[in-house]
Structure formats: structure tokens, C-alpha cells
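Hello,

Here is the structure you asked about. My notes on it follow below.

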Amino acid sequence: MNKPNMHYAELKDSYLFYNISQKIKAYLAEHEGTHLYRMGIGDVSRPLCDEVIKALHGAVDDQAGQETFHGYMPEPGAPFLRKTIADYYASRGVNLAEDEVFVSSGASDELGDILDLFDRENSALVIEPAYPAYVDANIIAGRKIVHLPAGRENGFLPVPSESTTRVECLARNQMRLKTASKEEDAVADIIYICSPNNPTGAVFNKTQLKAWVDFANKHGSVILFDAAYEAFIEDETLPRSIFEIEGARTCAIEICSLSKTAGFTGTRLGYTVIPKDLERMGLKFNDMWVRNRTTKTNGVSYIIQRGGAAVFTPEGRRQIMENIRYYKNNARILTDTLDELGIWYTGGKNAPYVWMQCPNGLKSWELFDLLLNKIQVVGTPGEGFGACGEGYFRFSSFGSVEDTTEAARRIKELFK
């Protein structure tokens, strides 16, 4: 008998955002025509910038000419885009070889595909609360997962040198999770770090990231650094790439995306940096990924890669920063409201997410239902990002300024 991958049976019955969509569907069935103020899912609302559109149109025209037509692209990415991305890193003081950059169809795809580089017996450490795909991808692969709790007392930014046990988090985890309580428990082969973080919006500083890099090098771990939101960092003292940290080239892979940076959620483009210095047991991860990509993909389309290259031109950078400032203004509207109400939060300034503590002792799904039914505002319950997210709630700043302003007004009226 054909045996399926039985690890799928270990996944939760439904994905977080599916649950949210079902609740919204049920509400709208009873309140037809009601306008909802959606600040839940992290999808962008601003269109692609003019420079990208111009490049996409030009690339389409290229495909119409015999001499400018492009068929299959190099699987690791077109040379023009790999060089452009390497130059972008160089402008921020990070020197990369062009062939250390790999073009992908987006960070979400890459975060799952990259696990091909690791043995299934390897363990994975996830700082909780976390983007659900980190956990689910490793459950599907049958890996042991270590959940490292984060909380308000450490700003949702734990480092491996401290004890990160939280009694209240452990109480929720003990029946179903292996939770790290001290450094030796946190040792894992794969370490996920997302900064700026989804869902909390918290950003690791250089000292904190250095602690993780030293920890990974000491134990032979590999950090998967999710930098999908790096363009939202405005504090110049905060690192936007893990490769700003000494020692990272021997222990880290960086995965980035143009989805939130440049509005490519519907266009799909990202990139991954794998240094040639990253090696384990005589195998170089860069060489392994070249072999993987040339086996499993036919590359990203020429048209999309031309659009991606336009993001990194001076005019493209100026235009995408206009959109980022728009979203960050939305975040400011939300954080100003929470400040007025005296509600604790993190994120917002250097990230597109605002992570707030649920007021009045509400649980996260209770707050979701209250906001939906009383004031028609939609956010994301923290419990959906893991047990340590219970008691917290995430707002996204990717909506319109009009909806964000009205949602903030309604929140203020509800909790004042």
C-alpha cells in the first residue's frame, strides 16, 4: 500500500487565516453589505510603483522580439538581478558575491524549499510567537521542534544567553510542545529568526543578533534569517541584514522578499543569500542550493525579474519608500491610539505590524470576536501564532489610511 506522509495528520485542522476568513464569512452572511476595517492579513493595498510597471511593460515588449526574446532563465536567477541585489547589499556595507544571491518566487516558497538542505533528523528552533509556516513546514518534514518562548519581559526578543522560561507560557505549552527553558535546551540544528518580526514587529539589535550568531557557530547550528520586512527599519542603529554581524557568513542563510518591500504579493519575487563560507560536514550550502535549484525549478520568469531589478534603481527606491511611508503612517495612527488608551504594544515604528496586549484580560480570540461584532474591525489573534501569543493581538498597517483612521477611532471609543 502507498503510504502517505503521515506527518500531515499532526498539523492543526486549519490554518490561522482560514479560521479568520470563516468567521468573517459567517459575520457577513448575517450583516450583508457591512464594511469591515481589515487589518488582519499582511497583504499590501498600494499598487506597484511606476518604475516597476515601466520595467514590466518593457520586459513584455522584449518577449515580442526575436532578438530580445527570453526563454528559460538561469535557475539561480538572472545575472542582471543577482548583481543588482548584491550591489544593494554593498550600498549598506555588506559585501556579497553575485553568485551568493539566489532569486526566488518569494520568501514563503523559499522558507519551505530551503529545508531540503537539512537532514530530516535535524531539529528546528522557533522563537514563539512565530509565523505559522515555520512550524508547519517542519512538522510536515517530521522534525523535532523546540519552541523558545518570548514575551513582554524581553520585548519578544529572547537571546540564547538568558533564561527565557515563562511560567504562563509553559502552562499552555506543556501538554503539546517541547519548550526550551535554558541555553542547552535551546540547541537546535536550524534556528529561525525573523527581524523585523512577524507577528510582533520587534527588531533585534546588533548585540542581540551577535549573541545568536555566536551561539549558532558554537553549536554548529544554521540560522534561517527571515528579512522580509527589512525595508521598514528606519532606526539606522538596527541591522537590516544578519550579514552585518561578524561571524554570520559561517552560520546563516538570509531569505528576503519584495512582497512587502515593493508590493509584489501578487507578482511573487524574492531572494536568498547563501554565503560560500557556510559549510557543514564538508558540504557547502551554496553549492548544494545551486544543485537543488537546477534540479527542482526552471527559474523565475524574465518579465518578473526585470520588474524586480527596477525596485533597486534610485527612482525605484524612492517610489517604493513612498508606499512604505504610507504604511508606516498607518502604523503610527494605530500606535498613537494605543498610547492614548495606555495599552502596551511593540512594533509599528520599524515594522508594519503592531502587536498589542489584549485589554481587560481578554483572550486573543475573544478580542477578535469583540472587535468584529462591536466595531467591525478585523485583526489577527495572537494565539494563532503559537501558545505564547495568547493574550496578544496583531494589527497590520497595510490597509488604506481612511480605514485605518476610522478603525483607530472605533477602537478608542470601545476601550476609553
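Two strands are said to pair if DSSP finds at least two bridges between them. Keep in mind that this is a predicted model.

Strand 9

By that rule, strand 8 (residues 252-257) pairs with strand 9 in the antiparallel sense, over four bridges.

Strand 9 itself covers residues 270-273. Gly270 and Thr272 point to one side of the strand, while Tyr271 and Val273 point the other way. Are these residues buried or exposed? All of them are buried.

Glutamine 63

The other item is a loop residue. Glutamine 63 sits between helix 2 (50-62) and helix 3 (79-91). Its relative accessible area is 25%. Buried would require under 20% and exposed over 50%, so glutamine 63 counts as partly exposed.

Which residues does glutamine 63 touch, leaving out those up to four places away in sequence? They are Thr68, Phe69, His70, Tyr302 and Ile303. With histidine 70, a polar atom of the glutamine 63 side chain lies 2.8 Å from the backbone nitrogen. Isoleucine 303 is 240 residues from glutamine 63 along the chain, yet the C-alpha atoms of the two are separated by 8.4 Å.

Regards

Methods
Residues are numbered from 1 along each chain as its sequence is written. This is a predicted model: local features need pLDDT of at least 70, side-chain atom pairs count only at pLDDT 80 or more; totals for chains, interfaces and linings use all residues. Side-chain values use heavy atoms; hydrogens and water are left out. Buried means under 20% relative accessible area, exposed over 50%, partly exposed in between (1.4 Å probe, protein chains only). Helices (H or I, at least four residues) and strands (E, at least two) are DSSP runs, numbered from the N terminus. Contact means heavy atoms within 4.5 Å. A polar contact is a pair of N or O atoms within 3.5 Å; within protein, one must be able to donate a hydrogen and the other to accept it, and residues adjacent in sequence count only if both atoms are side-chain atoms.
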